[in-house]
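Visitor: Could you walk me through a few local features of this one? I'd like to begin with strand pairing and then move on to the rings.

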Amino acid sequence: MMLAIGVVWVSPASAAGPAAVVADARVAAAGARLAATRGGQRVEVLSARTETAQTFANPDGSFTWEEHTRPQRVRRPDGSWTAPDPALRRNSNGTLSPGAAVVGLAFSGGGAAAPLAEMAKDGRAMRLWWPSPLPVPVVAGATATYPDVLPGVDLKVVADVDRFTHV
């Protein structure tokens, strides 16, 4: 019998608690290691996947952890993963949001009732207001342009998968 110990990075704690997540990750890591050893190619430890990182079991029994500085994938509400998509779409309430982002992000659809931008994550939100009613924006991809917010001045907000900018 062989005992193997490896480091596994896990996603945020589940409702079962951190100990259950770590135990599940260890079982998954052991299964991935066995599959990699038997199959002769690396196998991802799926329970360790995050927006920016992946862990792989290698055929030699070691693990490889790959980390990116920017999100490479976005978790959907159903728990599945999708590619990041900053292109703006109109929501049912008239605001604009990216197709798939790691933060909740919404831009004003025009008017005075909503903030220019709202960003939320982990139960916290930030709102940025414009001092006067906004015109209906012209949308192109991830950019919303509010024409003539001041005489001769347009306001542009650009969505990204984990932030936004405005000029």
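Visitor: In what sense do strands E11 and E12 pair?
Guide: In this predicted model, strand E11, residues 138-140, and strand E12, residues 143-150, pair in the antiparallel sense over three bridges, with alanine 140 standing opposite threonine 143 in E12.

Visitor: And how many residues lie between them in the hairpin?
Guide: The hairpin of E11 and E12 has two residues between the strands, and glycine 141 in the turn has a positive phi of about 65°.

Visitor: OK, how many bridges join E12 to E13?
Guide: Five bridges join E12 to strand E13, which covers residues 153-159, and the two run antiparallel; here threonine 145 stands opposite lysine 156 in E13. These strands also form a hairpin with two residues between them, in which glycine 152 takes a positive phi near 75°.

Visitor: Switching to rings: how many aromatic pairs does a search of the whole structure find?
Guide: The search finds one aromatic pair. It consists of phenylalanine 107 and phenylalanine 164, whose ring centres are 5.8 Å apart and whose planes stand at 75°, so the pair is edge-to-face.

Visitor: Where in the chain do those two sit?
Guide: Phenylalanine 107 belongs to strand E8, residues 104-107, and phenylalanine 164 to strand E14, residues 164-166, so that the pair links distant parts of the chain, 57 residues apart.

Visitor: Are they buried or exposed?
Guide: Phenylalanine 107 and phenylalanine 164 are both buried.

Visitor: Last one: which residue lies over the face of phenylalanine 56?
Guide: That is arginine 42, which lies over the ring face at 3.6 Å from the ring centre of phenylalanine 56.

Terms used
Residues are numbered from 1 along each chain as its sequence is written. This is a predicted model: local features need pLDDT of at least 70, side-chain atom pairs count only at pLDDT 80 or more; totals for chains, interfaces and linings use all residues. Side-chain values use heavy atoms; hydrogens and water are left out. Two strands pair if DSSP finds at least two bridges between them. Helices (H or I, at least four residues) and strands (E, at least two) are DSSP runs, numbered from the N terminus. Rings of Phe, Tyr and Trp (its six-membered ring) pair if their centres lie within 6.5 Å; planes under 30 degrees apart count as stacked, over 60 as edge-to-face and the rest as tilted. Buried means under 20% relative accessible area, exposed over 50%, partly exposed in between (1.4 Å probe, protein chains only). A charge sits over a ring if NZ of Lys or CZ of Arg is within 6 Å of the ring centre and within 35 degrees of the ring normal.
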